Amino acid sequence: MISLNYRDARPIYEQIKDGLRHLVVTGAVEPGEKLPSVRALAATLAINPNTIQRAYNDLESEGYLVTQPGKGSFAAGHTQGDPKRRENLLQSFDEAVTELLWLGLTAEELAGRLRTAAARKTTGGAS
């Protein structure tokens, strides 16, 4: 499910967030699907449950997870998400597009990639 790299400069909870976010966004974890409990995931990864709880809380505030008291955490369906997260992603997107244009890709090639990604999303295919 999630692998940790202890040589990565990012904190463990960030790696967990990124891993879970990727699973939700790519459809590997379907909307409404129950995620492992905090304790179960902590045991699997051999880390402190507080680290998992922090990642789950952040992902819930970003709109990727929904927690139901007494039932657990579930992958959220498509939402508008956290505006701050969206803005950060758009900024990264703009930077990547600028560099790709500099590297010689055309606007048409980039638009084609965007159309392909959108088509995969609407047909339910993983990226």
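The model is a predicted one. Helix 3 covers residues 49-62, and its buried residues pack against helix 1, helix 2, strand 1, strand 2 and helix 4. The largest nonpolar core has 20 residues, and the salt bridges come to seven.

**Helix 3: length and ends**

- Helix 3 has 14 residues, which at 1.5 Å a residue should span 20 Å; the C-alpha atoms at its ends are 20 Å apart, in agreement with that expectation.
- At the start of helix 3, a side-chain oxygen of Asn48 comes to within 2.7 Å of the backbone nitrogen of Asn50.
- After helix 3 comes Gly63, which has a positive phi, near 95 degrees.

**Helix 3: buried and exposed sides**

- Ile52, Ala55, Tyr56, Leu59 and Glu62 are the buried residues of helix 3. Because these residues cover an arc of only 125 degrees around the axis, they lie on the same side of helix 3.
- Asn50 and Ser61 are exposed residues, carried on the face of helix 3 that is turned away from the buried side.
- The packing partners of the buried residues are helix 1 (12-26), helix 2 (38-45), strand 1 (65-68), strand 2 (72-75) and helix 4 (83-102).

- In soluble globular proteins, nonpolar side chains tend to be buried together.
- Within the largest nonpolar core, the residues with the most contacts are Ile2, Ile16, Leu20, Leu45, Ile52 and Tyr56. Helix 1, helix 2 and helix 3 are the elements that give two or more residues to this core.
- Leu45 touches Ile2, Leu4, Tyr6, Ile16 and Ile52, when residues up to four places away in sequence are not counted.

- Glu62 forms a salt bridge with Lys17, with the closest N and O atoms 3.5 Å apart. Since Glu62 lies in helix 3 and Lys17 in helix 1, this pair ties together parts that are 45 residues apart in sequence.
- Arg21 also forms a salt bridge with Glu62, and here the closest N and O atoms are 2.8 Å apart. Arg21 belongs to helix 1 and Glu62 to helix 3, so the pair ties together parts that are 41 residues apart in sequence.

- Salt bridges that share partners join Asp8, Arg10, Glu14, Lys17, Asp18, Arg21, Asp58 and Glu62 into one network.
- One of the pairs is Arg10 with Asp18, whose closest N and O atoms are 2.2 Å apart.
- Arg10 counts as partly exposed because its relative accessibility is 34%. Asp18 is likewise partly exposed, with a relative accessible area of 29%.

- Thr26 lies in helix 1 and, at 10% relative accessibility, counts as buried.
- The side chain of Thr26 reaches the backbone oxygen of His22 at 2.8 Å.

Technical notes:
Residues are numbered from 1 along each chain as its sequence is written. This is a predicted model: local features need pLDDT of at least 70, side-chain atom pairs count only at pLDDT 80 or more; totals for chains, interfaces and linings use all residues. Side-chain values use heavy atoms; hydrogens and water are left out. Helices (H or I, at least four residues) and strands (E, at least two) are DSSP runs, numbered from the N terminus. The expected span of a helix is 1.5 Å times one less than its number of residues. Buried means under 20% relative accessible area, exposed over 50%, partly exposed in between (1.4 Å probe, protein chains only). The arc is that of the directions from the helix axis to the C-beta atoms. Contact means heavy atoms within 4.5 Å. A polar contact is a pair of N or O atoms within 3.5 Å; within protein, one must be able to donate a hydrogen and the other to accept it, and residues adjacent in sequence count only if both atoms are side-chain atoms. A nonpolar core is a set of buried Ala, Val, Leu, Ile, Met, Phe, Trp, Tyr and Cys residues joined through side-chain atoms within 4.5 Å. A salt bridge is a side-chain nitrogen of Lys or Arg within 4 Å of a carboxyl oxygen of Asp or Glu.
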